[in-house]
Amino acid sequence: MSTLTAARPSLRRFRWLPSVRFAVAVLAVVAFLAVFGGAVAPHDPLLQDPDLALRGPSPAHPFGTDYLGRDVFSRLLAGTGTTVAAALQSVGVGLALGVLPGLASLWLGRGVEWMLLRAVDAVMTLPFIVFAIAVTGVLGNGLTQAMVAIGVLFAPLFFRVTRAAGLSLTRAQYVEAAELFGASRWRILRTHVWGKVVPTVAVTAAQATGGALLAVSSLTFLGIGVQPPAPTWGGVLASELGFLAQQPWAPVIPAALIMLAVAALNALADAIRPGGAA
Amino acid sequence: MSSSLTRRSFLGLGAAAGTATLLAACGDGTVAAPGAAGGTLKWGWSSVTSWDPVTSSAGWDVHLLSLVYAGLTKLDEQGNAVPALATGWKYDSAGTTLTFTLRPGLKFSDGTALDAAAVKKSLERGRDLPKSLVAAQLANVKAVTAPDATTVVLGLAEPDYQIPNLLAGKTGMIVSPAAIDADAAALATKPVGAGPFTLTSYVQNAKAVLTRNPDYWDAANIKLGGFEAYPLPEPATVVAALQSGQYDVAQIPGSQVEAAKAAGLQVQVIPSLVVAVLDVNITKKPFDDPKVTEALRYAVDRAALLKTAQFDHGEVAYQPFPKGYAGYSNSLEGIYQYDPGKAKQLLAQSSYGTSPVEVVITTAKAEGVPEQLQSQLNAAGFKATIEVIPQAQATQLVYVQHSKALFVDQFAGRDSAVQAFQVLFGKEGLMNPGRQTPQELVDALAKVSRTPLDDPSYPSVLQAATAIAVKSMPNVFLYSVPRILARRAGVSAIPGFTAVQRFEGVTVS
Amino acid sequence: MTTLLSRPPDLVQPVPAAAPDAPRPRRSRRWIGTLATPVVVFVFSSLLTFGLGALSPSNPAAAVLGETATPADIARMNHEFGLDRPLPVQYLDWLFSALQGDLGRSYFTTIPVADSIFAALPVDLALAGLAVLLAVLIGGAAGIAAALRQGSRLDRAVTAVASGLGTLPPFVLGIGLIVIFAVLLKALPAGGYVPLEQGAGAWLRFAILPALALSLDIAASIARQLRTSLVGQLGENYVTGAVVRGLGARRVLFRHALRNAIGPALTVLGMGVPMVLGGAVVTEKIFNLPGLAQLTLQASSQHDIPLIQGTLLVTVTVVLICNTLVNVAVLRLTPQGRR
């Protein structure tokens, strides 16, 4: 547990390593496409031309066409927004359900702490995809339901990192001193704790976003949470895999895109965390 | 067990597939001696919802169930009822009393006798059990009597010459009364029938192992020593699974036909009674306006859908029956040829005028046909959105509550033409969510029921009913869905039965 | 990577093995906590699982009975499944039946849920066991090798591969393995399963690819975790001292450094079990394995609530047992735990 305090990230240590520059560049492009992807796409991502179905790359369609003759390049560009939004949605739910209870567990007394810890343990026993499937089975097969389920399972993660970061502070001398001087709990939380907790949470959020991207694509592959014809990265990948016989190279492109984004998020998190980027 | 066979043994170097196979290791194409067992066939097919024919809820179950159960009749490759457990049958002149004569000495796989009393009990259970999903089809059967051990008499409320066809399917599968009395709930996993095979072990969604039933009435034509059924994998890996010997025969999607042929597999495209169809509810907006319903028929480019869905395997369909079937009406060919201009015109004449007509396409799987349908409808002046619901909910929302306006569906076909009409167009029909049937069609159908199948006028009577149905009912037929089977080189050709896949004469080496 | 789904290896890093209760209690109390906590957690989890089913808006009776349903039929079926009782009664009844091995019957097939689950569970357990073994072997070897040759080409390669594996969507790895080993090399079957009882060799032929698919990203996180903590330990004074005093390098590594470094890696392993079971959905689907996850997927598409609840409860129980075992191992193996 002593490693926990040592692993407490600090934004001051952030260095512009080549991997970080690469990661930031990738994420900047992804962010741009998430907002403007639909606008810069050369074709209508929904425009079908069954006569042109499953064609290889050409000047008009650099990544070829899919089973309905739609331009894969445009679908990937336009699908960025939905994909990123879904990932962020689950991370948002995780943050909301994890961070505040994490802090609450430190200051609201042993009873609350015990209850919260057990609840977190219980949620952590739920296997990710199985739970998401069960939730969509019960509450309806939508992307939102699936991502909320994933978000609920992220909550323990945020809970524990928040708690771990905060725990070291509750025993830090300057916090005790502040308490002695009669500073209010809220003030301590705001001025001292929050500044220490945010970087930790940021690292976790970056990686959780990567994890969520993978989870969305897995769920899409299983036919869960999908809303065709709207494109998503995972959706393009899953559908290309069904036509391996016709176009064995086609799944490589969306898979590479997902890998690149996840790798960038991981690299960024590594850079913020000391020792992680070694 | 043969599932543990190494790949090498599939190549014929060491065939020790279960005990039965040791008896006859017949080479490719040679016909095994009658009664000899020719290997174990591993079949890739969707899992059954239940092994009890009365509570099985999926259309595709019939293929696996028919391995275990036999009926009084069966259908030949042309779809005509021919003798099975019964050697023959006779209607009285009014068409309301039907007398079957059973083969003597029949036995269920549990050793109990399959006599007239057993048939009576099994059919009555299908008709009367509250949970029965075949009850509606037997509603016309007023009384079943067993005057002697080999005679079964069905008393009908209305004349109906379709009963022998009807009983060739799930509805007529005869279940052992001893098993019903012992533990009827157990039938879901431990079926007891008198079919060509006996289920020896079953793991839900994983594996069904069956061995040859030597007491089957037609055992001489069953060359296989055993059967193993496995659920199907992803389309992306089905060909690899066949190549690596995980299956001997598997159903493959149209997209994999070329890959299967390239991999050296034999591919058979067997015409079936299955047809893709749109269920349209004329009590829901926008289809409460007849002009909109009519526009829908012209707004659909069936050929393009067929290409996407099945890579052109199958045929464009405007009616529920495939070409060559008695009920297929030539007059309907091309009747609703794709014409987006005409669809637009019809919409403009509707109460919606020239504004886009909003419609929700409900489906269990949006990829492919529903996406393409959306694009086609939008091109014809609709404004379509897709709603995805799980298959199980679809049953409830579409078939029970009739709350969806447009559902992308498949009709599995029925053993009897009248039964098919009832499901598609009948007032209580599953795929008639609007719950309305024009009197003209009711009368035409009654005439079909009253016409003996061997009457020379039967085809024309049935075709007249088909034409009335297609013109008066809102269902939009899209394309036929053949059964595409890929098989390894050592498996002999699979007979092409349109309704129920059977395996008479099939061998595996 | 199937496992990676949403919990990338690094996410695990800052999380301690047991809940960081401060101040550290005495050893006997920690043992009681290690063994009693799972019971409490089980009750919480069972409430979650049951609540999920109770929240369901669909009426199972109507879904099962199909087009022939009448209101009387639905009422009869609700009564048959005990759905007309108050929720707390249903929960307690369900929980206590579950503890006696009765998880109810499937709405659709009327097959006892416990039968279906216990036909499927051995597949997952055998597979998860093999996957964990592979993960420990591959991840352990790679992590130790990388730490011993810190900064070398090997070290960089291990780090790169481990990072890369964590970014791959799980189903891509599964299908990739099939393409390589079944289609191109024709060395292994593309899918399917043979139970362990029918011979270890036959089982291994079918189990090795899915187990590999499941294990690689736990292996990656173990490698990264072990490398980081081992590098830290090897830089400690006691290691330098031991080497100076002439203790063999092997002895120092295995008896001292590894022992101190193994805690976090064990924790990763403990968290790997739910990841394996969670990731198994995709792997089972791709390799067409008759496991628990396929059952959940099917139950979910049919709204078969007893089956959904049953599979979740059993999965949770397996995870809890594994976590408890790992916590016990951490207590026994690591010096901090024995102190």
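User: Helices here are DSSP runs, H or I, of at least four residues, numbered from the N terminus. With that settled, what is the place of T209(A)?

Analyst: In this predicted model, T209(A) belongs to helix 8 of chain A, which covers residues 185-221.

User: Is T209(A) buried or exposed?

Analyst: T209(A) counts as buried because 25 C-beta neighbours lie inside 10 Å, where the cut-off for a buried residue is 20 or more.

User: And what is T209(A) in contact with, leaving aside neighbours within four places in sequence?

Analyst: With those neighbours set aside, the contacts of T209(A) are A87(A), L88(A), V91(A) and L265(A).

User: Staying in chain A, how many residues does helix 5 have, and what does it reach from end to end?

Analyst: Helix 5 of chain A, residues 128-139, has 12 residues and reaches 16 Å from its first C-alpha to its last, which is close to the 16 Å expected at 1.5 Å a residue.

User: Why is helix 5 of chain A described as largely enclosed?

Analyst: Of its 12 residues, 11 are buried, so helix 5 of chain A is largely enclosed by the rest of the structure. The buried residues include F128(A), I129(A), F131(A), T136(A) and G137(A). Just after this helix, G140(A) takes a positive phi of about 115°.

User: Switching to chain B, what is its secondary structure, and what does the chain span?

Analyst: Chain B comes to 16 helices and 18 strands, and its C-alpha trace spans about 75 × 55 × 40 Å along the principal axes. For 509 residues a compact globule would have a radius of gyration near 23 Å, so the 24 Å of chain B agrees with that expectation. Buried residues make up 57% of the 509 residues, and among the contacts in chain B with a separation of 6 or more, 68% are accounted for by residues 24 or more positions apart.

User: What is the order of strands in the open sheet of chain B?

Analyst: The open sheet has 7 strands in the order 8-9-10-1-11-18-12, with mixed pairing. Strand 8 (197-203) and strand 12 (266-270) stand at the edges with a single partner strand each, so one side of each is left without a neighbour in the sheet. Neighbouring strands are turned by 20° against each other on average, direction ignored.

User: Which helix packs on that sheet?

Analyst: Helix 3 of chain B, residues 61-68, packs on the sheet and touches strand 8, strand 9 and strand 10, and its direction makes about 125° with that of strand 8. Two of the strands it touches, strand 9 (residues 207-212) and strand 10 (residues 226-230), run antiparallel and are joined by 4 bridges, with A208(B) having A229(B) as its bridge partner in strand 10.

User: What about strand 18 of chain B, and which strands does it join?

Analyst: Strand 18 of chain B, residues 483-487, is mostly covered, with 4 of its 5 residues buried. It runs antiparallel to strand 11 (residues 249-251), with 3 bridges between them, and V249(B) stands opposite R487(B). It also runs antiparallel to strand 12, with 5 bridges, and there the bridge partner of V267(B) is A486(B).

User: New topic: how many residues of chain B are in contact with chain C?

Analyst: There are 38 residues of chain B in contact with 36 residues of chain C. Helix 7 (235-243) and helix 13 (391-400) of chain B each supply at least two residues of that side of chain B, and helix 13 gives the most, with 7 residues. The side of chain B that touches chain C divides into 20 nonpolar, 16 polar and 2 charged residues.

User: What is the secondary structure of chain C itself?

Analyst: Chain C comes to 14 helices and 0 strands. Buried residues make up 53% of its 339 residues, and among contacts between residues at least 6 apart in sequence, 76% join residues at least 24 apart.

How values were computed
Residues numbered from 1 in each chain as written. Chains lettered and ligands numbered in written order. Predicted model: local features only at pLDDT ≥ 70, side-chain atom pairs only at ≥ 80, totals over all residues. Expected span 1.5 Å × (residues − 1). Pairing = 2+ DSSP bridges. Axes fitted to C-alpha atoms, helices over the stretch in contact; angles between N-to-C directions. Contact = placed C-beta atoms within 7 Å. Nonpolar A, V, L, I, M, F, W, Y, C, P; charged D, E, K, R; others polar. Rg over C-alpha atoms; globule rule 2.2 N^0.38 Å.
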